[in-house]
Amino acid sequence: MDEKKVREAIEAVKCFPEWNKDDRWMDPQIMEDLVDTIIEALEKQLPKKVEMRTVYNDFDGCLICYKGFCPSCGGAVESYGNKSCHNCTQMLDWSE
Ligand SMILES: [Zn+2]
């Protein structure tokens, strides 16, 4: 997903409760919960830096993979084939 579009969508969603104030097309509490859920899901599309990233090389010094911990849920993650956390779907940034 396009990072810029995701950021724009997050900003747009944040305005929903404000619009709802006048028109009341939804219960304000339900609206707030909904907006929180949408923002949480969208933010997982934005790559976050992996915590405690460790580099694994083979005997020739070639990169095998990176391992570390998901910045959102704390679960163990590895770069081998996965760009997102298999546990919480957080997109991962493996750069230094
Ligand atoms: Zn996770």
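Helix H1 (residues 3-14) packs against helix H3 (residues 28-43) in this predicted model, at an angle of about 170° and with the two axes 10 Å apart. H1 and H3 are therefore roughly antiparallel to each other, a term used for angles over 145 degrees. Local features in this predicted model need pLDDT of at least 70, side-chain atom pairs count only at pLDDT 80 or more, and totals for chains, interfaces and linings use all residues. Residues are numbered from 1 along each chain as its sequence is written.

**The packing of H1 and H3**

- Two packed helices are described by the angle between their axes and the distance between the axes; the axes are lines fitted to C-alpha atoms, for helices over the stretch in contact, and the angles run from 0 to 180 degrees between N-to-C directions.
- On the H1 side the contact is made by Val-6, Ala-9, Ile-10 and Val-13, which meet Val-35, Ile-38, Ile-39, Leu-42 and Glu-43 of H3, where contact means that C-beta atoms placed from the backbone lie within 7 Å.
- The residues of this contact of H1 with H3 divide into 8 nonpolar, no polar and 1 charged (Ala, Val, Leu, Ile, Met, Phe, Trp, Tyr, Cys and Pro count as nonpolar, Asp, Glu, Lys and Arg as charged, and the others, Gly among them, as polar).

**The chain as a whole**

- The protein chain has 3 helices and 5 strands, in the order α-α-α-β-β-β-β-β along the sequence; helices (H or I, at least four residues) and strands (E, at least two) are DSSP runs, numbered from the N terminus.
- The radius of gyration of the protein chain is 18 Å, whereas a compact globule of 96 residues would have a value near 12 Å (taken over C-alpha atoms, with a globule rule of 2.2 Å times the number of residues to the power 0.38).
- Along the principal axes, the C-alpha atoms of the protein chain fill a box of roughly 65 × 25 × 20 Å.
- Among contacts between residues at least 6 apart in sequence, 32% join residues at least 24 apart.

**Burial and the nonpolar core**

- Buried residues make up 6% of the 96 residues in the protein chain; a residue is buried if 20 or more other C-beta atoms lie within 10 Å of its own, exposed if 12 or fewer, and partly exposed in between, with C-beta atoms placed from the backbone.
- The largest nonpolar core has 5 residues, namely Val-50, Cys-70, Val-77, Cys-85 and Leu-92 (such a core is a set of buried Ala, Val, Leu, Ile, Met, Phe, Trp, Tyr and Cys residues joined through C-beta atoms within 7 Å).
- Leaving aside neighbours within four places in sequence, Val-50 is in contact with residues including Tyr-66, Phe-69, Val-77, Leu-92 and Trp-94.
- Of the 8 residues of helix H2 (residues 16-23), the number buried is 0, so H2 lies largely in the open.

**Residues with positive phi**

- Most residues other than glycine have a negative phi.
- Met-52, in strand S2 (residues 51-57), has a positive phi of about 50° although it is not a glycine, and Met-52 counts as exposed with 8 C-beta neighbours inside 10 Å.
- Thr-89 lies in the loop between strand S4 (76-78) and S5, has a positive phi near 70°, and counts as partly exposed with 13 C-beta neighbours inside 10 Å.
- Arg-24, which follows H2, has a positive phi near 55°.

How values were computed
Angles under 35 degrees count as roughly parallel, over 145 as roughly antiparallel, 65 to 115 as roughly perpendicular and the rest as oblique. Two residues are in contact if their C-beta atoms, placed from the backbone, lie within 7 Å.
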